[in-house]
Amino acid sequence: MKIKKQNLEKMLIKIFMKHKLDKDHAKLCSDALINAEFVEAYSHGLSRLKMYCDRIQKKLINPKPKIKDIKITNSISLIDADNSIGFVAADFAIKKAIHNAKKTGIGLVGIKNSGHYGLSGYYAEQAVKKNLIAMIFTNAPPAVAPHGSLKSLFGTNPICFGCPSGSKIPFIFDSSISMINRGKIRFAARENKKIPENVALDKFGKPTTNAKRALQGVQLPIAGFRGSGLAWMVDILSGVVTGGNHAGRVKDPFDDFSGPQNIGHLMITFKSNIFNIDFNKRIKENIKIIKKLPKIKKVKKIFYPGENKFLKFRKNKDRLINLNKKTQQELKALLD
Ligand SMILES: NC(=O)c1ccc[n+]([C@@H]2O[C@H](COP(=O)([O-])OP(=O)(O)OC[C@H]3O[C@@H](n4cnc5c(N)ncnc54)[C@H](O)[C@@H]3O)[C@@H](O)[C@H]2O)c1
């Protein structure tokens with residue numbers, strides 16, 4: 001079944017409001033989920049709707065959070081998100097980081113007591129559209145074993161960097177530190193599909209392409225100990241520094257209902273022309289030089305990070321949105 005964006009939006013807002021979110025918060029959540037569908041990040045879109053609603057029902061996500069903005073300086077804030085749904089916490093925080101950077105040149109915002117917020121790049125883009133450079137970090141539930149360990153502890157802890165590109169397509173590098181993100185494995189498990197080779201081990205430490213076995217086992221980090229080091233860095237920045245959970249204590253949103261997630265995020269924003277007034281000219285030149293490099297066989301074009309997602313968004317934004325059977329059933333049950 002295919003559905004118009006406007007109709008899906010109405011449904012999602014209704015569902016979130018039924019789960020006691022205010023209308024503006026319900027709209028924020030709906031926008032983030034629909035954006036994930038448009039950029040084809042299906043593992044972070046409608047496939048997570050039921051999980052968010054389940055956690056609200058179990059009182060693990062607070063639908064009416066009293067978000068505290070603890071001002072440290074004109075540039076620096078700590079946000080206590082009061083166990084809000086991650087979308088609302090992250091939206092509040094990026095707006096604060098943008099405000100601080102516009103005022104002082106740089107914004108540094110830590111967030112604690114938050115939840116899963118979807119795609120980091122979605123928030124970085126907001127800052128980039130205001131001519132800022134953005135770096136965004138979040139930790140996530142255990143999925144990846146620290147180098148040398150037999151147990152998953154780090155999340156897929158995405159690292160996100162965004163900057164203006166001198167064109168209307170922002171430069172957004174936004175990547176998990178695992179070979180693939182956990183949402184893709186969950187999505188494959190849900191749809192009974194295989195996962196690629198060399199991305200996960202089962203619980204006995206054997207390589208597997210079975211998504212369900214991979215979820216019980218361990219995901220592999222990118223580039224061995226280097227990826228493990230990056231995951232650790234993200235855990236420190238988003239968890240240890242902010243007051244959020246860390247060291248494997250972020251709860252899995254799908255199957256750990258023993259308490260709120262208390263995820264931490266860190267957002268850093270600064271004016272792109274802070275050191276060089278001609279940043280726009282310099283970034284255009286930088287991208288032009290790289291794009292003109294000789295290409296390997298079968299590669300027609302060198303893309304910069306973010307281009308692929310932007311092109312997907314542009315292709316899909318005016319099309320009907322596809323709802324698979326499972327999503328249709330979940331939407332119906334949540335609306336009833
Ligand atoms: N909230 C969470 O807990 C959480 C956890 C993990 C991942 N995520 C999100 O999941 C999303 C997907 O993560 P991912 O690791 O699967 O990303 P990915 O592997 O699809 O892409 C990683 C980066 O590489 C770039 N890229 C892809 N193909 C390219 C090409 N041909 N040339 C140049 N650049 C290219 C993309 O634009 C992107 O910036 C991210 O938005 C991330 O924030 C969220």
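This is a predicted model: local features need pLDDT of at least 70, side-chain atom pairs count only at pLDDT 80 or more; totals for chains, interfaces and linings use all residues.
**Exercise 1. Overall form**

Task: Describe the secondary structure of the protein chain and state how its radius of gyration relates to the globule rule.

Solution: 
- Step 1. The protein chain holds 11 helices and 11 strands.
- Step 2. Its radius of gyration is 20 Å, and the globule rule gives 20 Å for 336 residues, so the protein chain is as compact as a globular protein of that length.
- Step 3. The C-alpha trace spans about 55 × 50 × 45 Å along its principal axes.
- Step 4. Buried residues make up 49% of the 336 in the protein chain.
- Step 5. Take the contacts between residues at least 6 apart in sequence: 62% of them join residues at least 24 apart.

**Exercise 2. Strand β6 and its partners**

Task: Which strands pair with β6, and in what sense?

Solution: 
- Step 1. Strand β5, residues 132–138, pairs with β6 through four bridges in the antiparallel sense. Within this pairing, isoleucine 136 is opposite cysteine 160 of β6.
- Step 2. Strand β7, residues 171–175, is joined to β6 by five bridges, and these two strands also run antiparallel. Here phenylalanine 161 has phenylalanine 173 of β7 as its bridge partner.
- Step 3. Check the burial of β6, residues 159–163. Four of its five residues are buried, so the strand is largely enclosed by the rest of the structure.

**Exercise 3. Strand β4**

Task: How many residues of strand β4 are buried, and in which sense does β4 pair with β3?

Solution: 
- Step 1. Strand β4 covers residues 106–114, and eight of the nine are buried.
- Step 2. Five bridges link β4 to strand β3, residues 76–80, in the parallel sense.

**Exercise 4. Leucine 132 and lysine 103**

Task: Classify leucine 132 and lysine 103 as buried or exposed, and place each in its element.

Solution: 
- Step 1. Leucine 132 is part of strand β5. It has 27 other C-beta atoms within 10 Å, and the cut-off for a buried residue is 20 or more, so leucine 132 is buried.
- Step 2. Leaving out residues up to four places away in sequence, leucine 132 touches Ile98, Ala101, Ala127, Thr269, Phe270, Lys271 and Ser272.
- Step 3. Leucine 132 and glycine 162 are 30 residues apart in sequence, yet their C-alpha atoms are 8.3 Å apart.
- Step 4. Lysine 103 belongs to helix α4. It has 11 C-beta neighbours inside 10 Å, and the cut-off for exposed is 12 or fewer, so lysine 103 is exposed.
- Step 5. Lysine 103 is 11 residues from serine 114 in sequence, and 25 Å separate the two C-alpha atoms.

**Exercise 5. The largest nonpolar core**

Task: Which members of the largest nonpolar core touch the most other members, and which helix contributes the largest share?

Solution: 
- Step 1. The core has 85 residues, and Cys29, Ala89, Ala93, Ala134 and Met267 touch the most other members.
- Step 2. Helix α4, residues 86–104, supplies the largest share of this core with 10 residues.
- Step 3. Apart from neighbours within four places in sequence, cysteine 29 is in contact with Phe16, Leu21, Ile85 and Phe87.
- Step 4. As background, nonpolar side chains in soluble globular proteins tend to be buried together.

**Exercise 6. The shell around the ligand**

Task: How many residues surround the ligand, and which element gives the largest share of the shell?

Solution: 
- Step 1. The ligand is surrounded by 25 residues, the closest being Leu119, Ala140, Pro158, Ser175 and Ser176.
- Step 2. Elements giving two or more residues to the shell are α5 (120–128), β7 and α10 (307–316).
- Step 3. The largest share, four residues, comes from β7. This strand also pairs with β6.
- Step 4. Sorted by class, the shell contains 11 nonpolar, 12 polar and two charged residues.

Methods:
Residues are numbered from 1 along each chain as its sequence is written. Two strands pair if DSSP finds at least two bridges between them. The radius of gyration is taken over C-alpha atoms; the globule rule is 2.2 Å times the number of residues to the power 0.38. Two residues are in contact if their C-beta atoms, placed from the backbone, lie within 7 Å. A residue is near a molecule or strand if its C-beta atom, placed from the backbone, lies within 6 Å of it. Ala, Val, Leu, Ile, Met, Phe, Trp, Tyr, Cys and Pro count as nonpolar, Asp, Glu, Lys and Arg as charged, and the others, Gly among them, as polar. A nonpolar core is a set of buried Ala, Val, Leu, Ile, Met, Phe, Trp, Tyr and Cys residues joined through C-beta atoms within 7 Å.
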